Amino acid sequence: MSYPDARGNPCGSSTRAALAAAEQALWRMMSFYDAPLADLDAAGAADPGWALPHTMKAGFLLSLTEPALLGDAADEIALAEAASAHAPARERAHLQAVQHVFDGRWTAACRVWDELLLEHPRDALALQWAQLWDFYRGDAVNLRQRPARALPDWDEADPLHPHVLALYAFGLEECNLHAQAEDVGRRALAADARVPWAVHAVTHVMEMQGRFEDGAAWLRQHQSAWAEGNGFAGHLWWHKALFRLEALDVAGALRLLDAHLSGPALQLTLHRVDAAALLWRLHLMGEDVSAQATALLAGWGPDAAGAGHYAFNDLHIVLALLCAGQVAAAEAWVARCAQRALGAEEARRSNHPVAREVGLPVLRGLLAFARGDADGAVDLLYPQRSGAQRLGGSHAQRDLLDQTLLAAAAAGGRRALGRALLNERSMAKPVTPLTRHWIDRLALPARERA
Ligand SMILES: [Fe+2]
């Protein structure tokens, strides 16, 4: 027997307390205000026969991209399977998608959520999770189109409607539709100020447009909504640090790193990835960040079981190792990634072809750069540039590959490539102090410094 949830979707529980707790968990997943685990436990306690809270818990744990959480996720999937005999088809589809995620079949999971959304466009959980794994797969088109396919079917009075607008805003931004993205993000925040994903989408627009002062002001304006008690705070501090770097305020970026992207602030791989990305940018700019990188690795440490789980994370671990001057450890990590990416046993995982075709050449390019072979680094990195979105993450996150190419071009003999990349950069956004830094490093003629 099934009952409707808050927005009319068929639901496997009729226990009011369980439904309310699951709805609260859903809001937490979309807003990042605290983890949803306690609410999901409360939903499970209120209706022990309901499979969905277990499915949601498994999906949440998997969303953190931590290999160490796979065991806990498997336990929750088993509990959901045991309870799902009488679950409605919508909830069984969620379980199937989460099982695909557990198996590393992220594309298959998104396909299941896509099917589900055709039938139930107001399934916020499907929209949220599909966007997350579209993001992890670098599928910009679906980041934009999937929420667009559902939004007209939503009631604007629904408390989660601004969160769905935020999904759409981010998708628009990743498709380079900046003006639309900013408009939709601002609409979401006008409806509900506590939508950090919308703050984030507009932040990305400002990043892509080189509006580093606007971006810092924007984050400051909304800081009360994202900086306290929010799981997304670390990433937004990272964005704030990027704006400082764009202004060539290295000291300001380091202050933000020390205050918000180090020590106890680094609880999850997602946080450590941001710290590593910032350290790498500083390293490329000539800063000695080996002490901070060593501290980062003390809590992250190369763990053989984790190598090759997700190419995007592997990239960032290697960046941290190289910032720390641990080139041999980085080589060992890449060797373990290669073993997994070139083996046949994981061929069904979505990460497998990405790691083999994009991840490995990029990692090897970084190793070449660290060994002082700047031209070799360019030869490995540049061909991957046009397909690098397959690694996942955002344009802003992957910009560190472009900055690595600029550093390699400046250090080696590929000045023409450096010049071309700077041309492209200055066509995309005004010449910022950071761009000027790269023009100087490449010793380009004065006319290009305007
Ligand atoms: Fe971001």
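**View 1. Leucine 62, a buried residue of helix H3.** In this predicted model, leucine 62 has 26 other C-beta atoms within 10 Å, so it counts as buried. You will find leucine 62 in helix H3, which spans residues 52-63. Setting aside neighbours within four places in sequence, its contacts are Ala73, Val98, Val101 and Phe102.

**View 2. Phenylalanine 32, in the loop between helices H1 and H2.** Here the chain passes from helix H1 (16-31) to helix H2 (37-46), with phenylalanine 32 in the loop between them. Its phi is near 70°, a positive value in a residue other than glycine. Is phenylalanine 32 buried or exposed? Phenylalanine 32 is buried, because 21 other C-beta atoms lie within 10 Å and the cut-off for burial is 20 or more.

**View 3. Leucine 248, in the loop between helices H14 and H15.** Leucine 248 also has a positive phi, near 65°, in a residue other than glycine. The loop that holds leucine 248 lies between helix H14 (233-246) and helix H15 (250-260). With 16 other C-beta atoms within 10 Å, leucine 248 is partly exposed.

**View 4. Helices H7 and H8, side by side in this close-up.** Two packed helices are described by the angle between their axes and the distance between the axes. For H7 (residues 124-137) and H8 (residues 140-150), the axes come within 9 Å and cross at roughly 165°. That angle makes H7 roughly antiparallel to H8. The crossing of H7 past H8 is right-handed. Where the helices meet, H7 brings Leu127, Ala130, Gln131, Asp134 and Phe135, while H8 brings Asn142, Leu143, Arg146, Pro147 and Ala150.

**View 5. Helix H21 and its buried residues.**

**View 6. Alanine 320 in the largest nonpolar core.** This core holds 147 residues, and Ala169, Ala198, Leu279, Val318 and Ala320 touch the most other members. Leaving out neighbours within four places in sequence, alanine 320 is in contact with Ala276, Leu279, Ala293, Leu296, Leu297 and Trp300.

Terms used:
Residues numbered from 1 in each chain as written. Predicted model: local features only at pLDDT ≥ 70, side-chain atom pairs only at ≥ 80, totals over all residues. Buried ≥ 20, exposed ≤ 12 C-beta atoms within 10 Å, placed from the backbone. Helix = DSSP H or I, 4+ residues; strand = E, 2+ residues; numbered from the N terminus. Core = buried A, V, L, I, M, F, W, Y, C linked by C-beta atoms within 7 Å. Contact = placed C-beta atoms within 7 Å. Axes fitted to C-alpha atoms, helices over the stretch in contact; angles between N-to-C directions. Parallel < 35°, antiparallel > 145°, perpendicular 65-115°, else oblique. Left-handed = near helix turned anticlockwise from the far one by under 90°.
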